[in-house]
Amino acid sequence: MCLGVPGKVVAVDGLMATVDFWGVRKQVRLEVVDEPVQPGDYILNHVGYAIRRIPDGEIDATLALYEELLQRAASEDDLMASDIRSEIQGAADDRS
Amino acid sequence: MIARDPSVAELKFRNRESARGLTGALARVVDEVGRDPVSIMHVCGSHEQAIARFGLRATLPRKLQVIMGPGCPVCITDVPEVDEGVALARQGVRIATYGDMVRVPGTVMSLADAHAQGARVDVVYSVAQAVELARQIDEPLVFFATGFETTAVATAAVVLRDPPANFFVLSAH
């Protein structure tokens with residue numbers, strides 16, 4: 001749980017958003033996010049709460065960084081990548 | 001976080017040849033970057049712990065500056081705080097906390113150890129799940145709340161949203 005994970009907002013219902021993380025959808029709360037978010041925006045999620053709306057200009061670079069980390073997880077035992085994977089899988093909709 | 005590869009654990013940075021090779025490689029990379037200093041921020045208290053424990057800063061190239069970054073909730077939780085959670089759990093209080101927290105050792109044991117001895121410890125992904133659990137039961141539930149700003153705000157958010165009377169927070173924020 002060291003790292004937050006970026007995801008794309010699919011739907012917003014009040015203070016709850018449905019967010020897609022590399023194909024895994026889960027509910028993320030919006031009480032503490034720094035800016036209003038709407039479908040299509042990207043947010044940084046940490047333990048079920050959006051803690052930041054990722055500025056449009058930073059989305060591509062942010063996703064590229066995480067994708068590099070996730071690809072590394074496939075080839076070696078990378079602790080940071082496994083931390084991100086567990087954050088993506090944690091409380092996914094199909095498990096809650 | 002602990003290295004899981006036994007060969008890494010055995011190395012303990014005491015292999016001179018490997019250490020020299022690594023510092024040499026680091027110096028070359030830093031020179032290639034061409035800045036002075038090259039600043040790198042780590043992201044985990046366990047990184048700082050390893051750096052301090054093995055005196056790694058003294059071996060880094062002069063131009064390389066490794067800065068302490070944010071610790072995750074696990075790394076920055078002190079042992080006495082874990083002890084408080086363990087003590088409550090062993091007294092029969094039901095505890096909920098983040099999954100990574102249950103394995104963190106206290107003075108005597110971790111929450112996972114307490115659970116193995118019969119204490120009730122629930123793992124939740126988020127503090128909101130702990131509140132939902134409290135709503136479903138008739139006894140006190142203590143959320144062992146750890147971490148810095150990124151998790152403290154989540155705890156504050158549920159406290160402000162009128163949680164049930166049996167929901168309590170043991171705050172290590």
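Q: What does B:His42 touch, not counting residues up to four places away in sequence?
A: B:His42 touches B:His47, B:Glu48, B:Ile51, B:Val66, B:Ile67, B:Met68, B:Gly69 and B:Pro70, where contact means heavy atoms within 4.5 Å. B:His42 itself is found in the loop between strand S1 (38-41) and helix H3 (45-53) of chain B; helices (H or I, at least four residues) and strands (E, at least two) are DSSP runs, numbered from the N terminus.

Q: Before we go on, what should I know about the model and its numbering?
A: This is a predicted model, in which local features need pLDDT of at least 70 and side-chain atom pairs count only at pLDDT 80 or more, while totals for chains, interfaces and linings use all residues. Residues are numbered from 1 along each chain as its sequence is written, chains are lettered from A and ligands numbered from 1 in the order in which they are written, and side-chain values use heavy atoms, with hydrogens and water left out.

Q: Why is B:His42 called buried?
A: Buried means under 20% relative accessible area, exposed over 50%, and partly exposed in between (1.4 Å probe, protein chains only). B:His42 has a relative accessible area of 9%, so it is buried.

Q: What makes the pairing of B:His42 with B:Glu48 a polar contact?
A: The term asks for a pair of N or O atoms within 3.5 Å; within protein, one must be able to donate a hydrogen and the other to accept it, and residues adjacent in sequence count only if both atoms are side-chain atoms. The side chains of B:His42 and B:Glu48 make their polar contact at 2.7 Å.

Q: How do you know that B:Glu48 and B:Arg57 form a salt bridge?
A: A salt bridge needs a side-chain nitrogen of Lys or Arg within 4 Å of a carboxyl oxygen of Asp or Glu. The side chains of B:Glu48 and B:Arg57 meet at 2.9 Å, N to O. Side chains of opposite charge can pair when their charged atoms come close.

Q: Are those two partners buried or partly exposed?
A: One of each: B:Glu48 has a relative accessible area of 15%, so it is buried, whereas B:Arg57, at 35%, counts as partly exposed.

Q: Why is B:Arg103 called exposed?
A: Its relative accessibility is 57%, so B:Arg103 counts as exposed. Its salt-bridge partner is B:Asp100, at 3.5 Å, N to O. With a relative accessible area of 25%, B:Asp100 is partly exposed.

Q: What makes B:Arg120 and B:Glu139 a salt bridge?
A: Their closest N and O atoms are 2.8 Å apart, and the pair is counted as a salt bridge. The pair links distant parts of the chain, 19 residues apart. B:Arg120, at 34%, is partly exposed, and B:Glu139 is partly exposed at 24%.

Q: Which side chains meet in a salt bridge between A and B?
A: A:Glu31 and B:Arg161 do, at 3.2 Å, N to O. The count between chain A and chain B is 1 salt bridge.

Q: What is the area buried between chain A and chain B?
A: It is about 1800 Å², of which carbon and sulfur atoms give 71%. Buried area is the accessible area (1.4 Å probe) that two parts lose on being put together, summed over both. The contact takes 22 residues from chain A and 23 residues from chain B. In chain A, A:Met1, A:Cys2 and A:Tyr49 lose the most area to chain B, together 33% of what that side buries.
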